[in-house]
Amino acid sequence: MGDVEVDRNRSLELVISSVVAQNEQGNNEERLMSVETVMAKMPIYLDNHATTPMDPRVFEAMTPYFLGSFGNAASRNHAFGWVAEKAVETAREQIAALIGANSKEIVFTSGATESDNIAIKGVIEMYAEKGNHIITAKTEHKAVLDTCKYLERLGKAEVTYLDPDTDGRISVESIQAAITDKTVLIAVMAANNEIGTIAPLKEIGALAKEKGIFFFTDAAQAVGRIPLDVNELGIDIMAISGHKIYGPKGIGALYVRRRRPRVRLTPVIHGGGHERGMRSGTLPVPLCVGLGKACEIAGAEMEEENKRIIALREKLHQGILEKLDYVSLNGHPEHRLPNNLNISFAYVEGEGLMMAMKDLAVSSGSACTSASLEPSYVLKALGVGDELAHSSIRYGLGRFTTEEEIDFAITQSVEAVSKLREMSPLYEMAQEGIDLATVQWQVPHE
Ligand SMILES: Cc1ncc(COP(=O)(O)O)c(C=O)c1O
């Protein structure tokens with residue numbers, strides 16, 4: 001942990017000094033040059049599941065709404081309000097168009113975390129008389145898991161946390177087997193943020209409809225990356241995040257079905273009754289515009305973009321497999337996000353691996369909690385052992401990933417793993433054909 005911390009502090013210092021330098025530079029050209037210098041020193045960004053850089057077209061669409069067109073979309077009496085309201089409604093339509101919804105079914109939120117909270121708490125409160133049982137999965141995002149645990153603690157909900165299969169999929173059969181006469185909500189994410197596995201959404205949607213249970217899906221990673229049609233898939237409630245799809249941070253949306261069946265949600269935030277009472281608070285107009293534009297671009301370009309990203313992802317995967325042995329893929333080989341590659345490198349130590357890959361901004365299979373490095377709970381749920389989970393890397397490609405960056409990522413990954421394995425007695429033993437599972441390790445006396 002110590003070395004990782006030092007590395008993090010060094011990067012932080014670099015960024016802070018560059019921001020100060022930018023502010024001190026006299027003209028725009030010099031400012032741009034200092035941005036370029038920083039970017040040149042920064043690692044290559046392959047962490048597009050954590051967040052994506054904003055698309056310049058999104059930024060451009062947002063800018064008028066920060067200064068001149070600053071009105072409150074809820075102001076009904078003057079042109080400032082009307083202009084803001086029009087911009088917000090256009091954004092709502094753009095979001096709805098991407099997912100096959102009606103714009104009246106889109107509620108703006110601050111992001112997918114809030115959307116997850118509203119969806120789960122909102123259903124449990126609104127339909128308390130009908131039932132209190134939620135079916136979800138162990139591999140869900142914390143925004144779903146912690147919300148469920150909170151409701152359990154309050155005694156408001158009973159929750160079943162399903163196990164995925166070894167590829168990270170939740171089977172429809174396991175959902176069916178968990179349904180009781182108190183089940184009001186199935187909460188299964190569209191695509192997993194660590195391993196990229198895509199859920200059998202259509203089958204789950206059909207089951208939910210047949211049983212009269214609401215189907216909620218956290219689609220923060222899936223919207224804009226794979227085609228999603230809420231009607232075709234039978235989705236009743238869906239969480240969307242702006243910053244995962246080249247939009248701004250601090251904005252998201254919740255799709256809430258209005259017909260067959262109509263979903264009603266008790267609000268989490270009370271106030272002026274904005275967003276049809278489901279989420280009060282003055283809308284951040286520039287952010288709404290940004291999310292709308294991001295959705296419009298995703299809809300128009302997804303197909304072509306995915307071809308390019310899949311080709312790059314396959315190049316990365318094959319490039320690593322050609323040079324390294326004992327590499328295993330985490331997540332489903334086919335039902336996975338185009339931009340996700342999550343692999344475990346056996347016989348290397350996790351922290352050393354991250355250090356050796358310092359020129360790549362990737363994510364490790366360890367979650368850093370306050371005191372220790374815990375192996376990822378998602379990988380653990382798949383049955384990946386602690387050691388392998390620690391030495392797993394999530395590569396998240398994106399719209400702006402280039403072929404040169406992928407070539408570099410292959411080289412650096414191969415070099416890092418090879419170097420660490422040179423020092424690994426376990427790797428040597430494995431190569432000699434010794435079955436490590438049968439080795440009797442000597443345990444030192446206390
Ligand atoms: C699947 C999933 N759900 C929810 C979130 C939270 O999204 P936001 O940052 O918009 O609150 C994320 C982001 O990490 C995610 O990947």
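Two residues are in contact if their C-beta atoms, placed from the backbone, lie within 7 Å. On that basis, 73% of the contacts in the protein chain with a separation of 6 or more join residues 24 or more positions apart. The structure described here is a predicted model.

**Overall architecture**

The protein chain has 446 residues, of which 44% count as buried. Its secondary structure comes to 15 helices and 15 strands.

In soluble globular proteins, nonpolar side chains tend to be buried together. In this model the largest nonpolar core has 82 residues, and those with the most contacts inside it are Ile120, Leu185, Ile186, Phe214, Tyr255 and Cys288. Helix H10, residues 285–323, supplies the largest share of this core, with nine residues.

The surroundings of Tyr255 can be given in detail. Leaving aside residues up to four places away in sequence, Tyr255 touches Ile99, Ala101, Glu105, Ile106, Val230, Ile237 and Met238.

**Helix packing**

Two packed helices are described by the angle between their axes and the distance between the axes. Two such pairs are set out below.

| Helix pair | Angle between axes | Distance between axes |
|---|---|---|
| H4 (residues 79–99) and H10 | about 30° | 8 Å |
| H5 (residues 112–126) and H6 (residues 142–153) | about 35° | 9 Å |

The crossing of H4 and H10 is left-handed. On the H4 side, the contact is made by Ala84, Ala87, Val88, Thr90, Ala91, Gln94, Ile95, Ala97 and Leu98, while H10 contributes Val285, Cys288, Val289, Leu291, Gly292, Lys293, Cys295, Glu296, Ala298 and Gly299. By class, this contact has 13 nonpolar, four polar and two charged residues. Cys288, named here on the H10 side, is also one of the residues with the most contacts inside the largest core.

The crossing of H5 and H6 is right-handed. Ala112, Thr113, Asp116, Asn117, Ile120, Lys121 and Ile124 of H5 meet Ala143, Val144, Thr147, Cys148 and Leu151 of H6. This contact has seven nonpolar, three polar and two charged residues.

**Ligand shell**

The ligand is surrounded by Gly111, Ala112, Thr113, His141, Ala143, Met189, Asn193, Asp218, Ala220, Gln221, Ser241 and Gly252. By class, this shell has four nonpolar, seven polar and one charged residues. Among the shell residues are Ala112, Thr113 and Ala143, which also take part in the contact of H5 with H6.

**The loop between E8 and H10**

Several local features fall in the loop between strand E8 (252–256) and H10, where Gly272 is placed. The peptide bond from Arg260 to Pro261 is cis, with omega near -10°. Arg260 also has a positive phi of about 45°, although it is not a glycine. Arg260 is exposed because 9 other C-beta atoms lie within 10 Å, and the cut-off for exposed is 12 or fewer.

Arg276 has its place in the loop between E8 and H10 as well. Its phi is positive, about 50°, although Arg276 is not a glycine. Arg276 counts as partly exposed, with 13 C-beta neighbours inside 10 Å. Gly272, by contrast, has 10 C-beta neighbours inside 10 Å and therefore counts as exposed. From Gly272 to Thr282 the C-alpha to C-alpha distance is 8.3 Å, and the two are ten residues apart in sequence.

Notes:
Residues are numbered from 1 along each chain as its sequence is written. This is a predicted model: local features need pLDDT of at least 70, side-chain atom pairs count only at pLDDT 80 or more; totals for chains, interfaces and linings use all residues. A residue is near a molecule or strand if its C-beta atom, placed from the backbone, lies within 6 Å of it. Ala, Val, Leu, Ile, Met, Phe, Trp, Tyr, Cys and Pro count as nonpolar, Asp, Glu, Lys and Arg as charged, and the others, Gly among them, as polar. A nonpolar core is a set of buried Ala, Val, Leu, Ile, Met, Phe, Trp, Tyr and Cys residues joined through C-beta atoms within 7 Å. A residue is buried if 20 or more other C-beta atoms lie within 10 Å of its own, exposed if 12 or fewer, and partly exposed in between; C-beta atoms are placed from the backbone. Helices (H or I, at least four residues) and strands (E, at least two) are DSSP runs, numbered from the N terminus. Axes are lines fitted to C-alpha atoms, for helices over the stretch in contact, and angles run from 0 to 180 degrees between N-to-C directions. A crossing is left-handed if the near helix is turned anticlockwise from the far one by less than a right angle, and right-handed if clockwise.
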